[in-house]
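Please open the model in your viewer and keep the sequence panel beside it. The tour below moves from one selection to the next and says what is to be found at each stop.

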Amino acid sequence: MHEVTLKDIAKVVGCSVNTVSLALKDSPRISEATRKKIQKVAKEMDYTANNIARALVLKRTGTIGLIIRNISSVLMTSKAKYIERYLEQYGYTLYIISSNDDLETEEKAINLMLSNKVDGLLLHTIFTDNFPRLEKLRAQGFPIVLLSGFRETMPKIDAIYPNLVKGAYIGTRHLLQLGHKRVAFVGATGEEKGYMYAKYQGYAKAMEEAGVEITPDLICSSSESKFERFGDQALGHILKVGRTESAMFIDFDEIAIPIIKFLTKNGIRIPQDLAIVSMDNVRFAEWASVPLTTAGYDIRYISHHAVDILLGIINGTHGEGEVEDIAVEPDFYIRESCGYHQVYVAE
């Protein structure tokens, strides 16, 4: 029995093999009418994709790997969605694995992606431990783009990521400019959490410029990204700070929103008693019980540009030896939680 090929379908429809390939992957690059016509012919001809043969011929699998930190994070899933939809336009399928901020899981995820012969890898991580291996893979020609930035410790790998230091700096500075003498911090402060530590660096920079000493009682340290994981001691500290200070910077919207609810339930009014600023500008930040003032980033741009860089490496159009290190500047969305309302782009 003759196996139907893309070339057979292209001959019947009267178009190129590439057009057939993209249409069968439902790529928006092909008009809806043409896609439907090609898909109808393919169905009538009983076409079945032979991905193994395609990979052998092209030495590519048409797949891209994405390792993200937390699949339950609204921010991470939004990024994954933008990447997946953008890759579809170029005929690629996306494999996604969550590391859950666990180094061993991240190592296994990298191994799994490589064993499945993905054509390239996008990685969002809080660790630097795997950088030597990733650098070696990249030097050997394997396409990799990082979605996180570590400033001085960045490897020789292309990267595009939000400038977290700048975002936290702008948020903290805004609270200080509103007249708050001391600003509490809720988030990761330890250098072992390098990527998340960037937010503390931005906070500390704003406090230092304002001449405000960061005393231990101002810090509600936590490396957790889930409010439910806060222990009684940590919640007690947050409550105490909420009653003794007038402003608080929280490093995640997804923690800030339940913290606002927690504080309100315990008699602390936002922003009358406590002004709050956070980071990320997740899609429901504006619709929280108290609309959240937050530093956000153009996740669509970051996701699409990361794909553009990766495909440039895969297709050989990315400059040889050229390494892009792009720290995307934040926008600052001022809403009711800080007690002052407007929107502006950060300087």
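**Starting at a glycine**

Select glycine 141 to begin: this residue, just after helix H7, takes a positive phi of about 105°. Helices (H or I, at least four residues) and strands (E, at least two) are DSSP runs, numbered from the N terminus. The model is a predicted one, in which local features need pLDDT of at least 70 and side-chain atom pairs count only at pLDDT 80 or more, while totals for chains, interfaces and linings use all residues. Residues are numbered from 1 along each chain as its sequence is written, and side-chain values use heavy atoms, with hydrogens and water left out.

**Helix H7 and its cover**

Now select residues 131–139, which form H7, and colour Phe131, Leu134, Leu137 and Arg138, the buried residues of this helix; buried means under 20% relative accessible area, exposed over 50%, and partly exposed in between (1.4 Å probe, protein chains only). Looking down the axis of H7, you will find these buried residues within an arc of 120°, so they line one face of the helix; the arc is that of the directions from the helix axis to the C-beta atoms. On the face turned away from the buried side, H7 carries the exposed residues Pro132, Lys136 and Ala139.

Within H12, select asparagine 315, which counts as partly exposed at 46% relative accessibility.

**The nonpolar cores**

Next, show the largest nonpolar core, which has 82 residues, and pick out Leu122, Ile238, Met248, Leu263 and Ile276, those with the most contacts inside it. Helix H12 (residues 299–315) gives the most to this core, with nine residues. A second, separate core of 18 residues includes Ala109, Leu121, Phe131 and Leu137. A nonpolar core is here a set of buried Ala, Val, Leu, Ile, Met, Phe, Trp, Tyr and Cys residues joined through side-chain atoms within 4.5 Å.

Centre the view on methionine 248 and, leaving aside its neighbours within four places in sequence, look for its contacts (heavy atoms within 4.5 Å), among them Leu175, Val183, Ile238, Leu274 and Val277.

**Helix H3**

Move to residues 32–44, helix H3, where the 13 residues at 1.5 Å a residue should span 18 Å, in agreement with the 18 Å between the end C-alpha atoms; the expected span is 1.5 Å times one less than the number of residues. Which residues of H3 are buried? They are Arg35, Ile38, Val41 and Ala42, and they fall within an arc of 135° seen down the axis of H3, so they line one face of the helix. The face turned away from them carries the exposed residues Ala33, Lys36, Lys40, Lys43 and Glu44. Helices H1 (6–13) and H2 (17–24) are included in what covers the buried residues of H3. Just after H3, select aspartate 46, which takes a positive phi of about 60°.

**The whole chain**

Finally, zoom out to the protein chain, whose secondary structure comes to twelve helices and 13 strands, and where buried residues make up 51% of the 347 residues.
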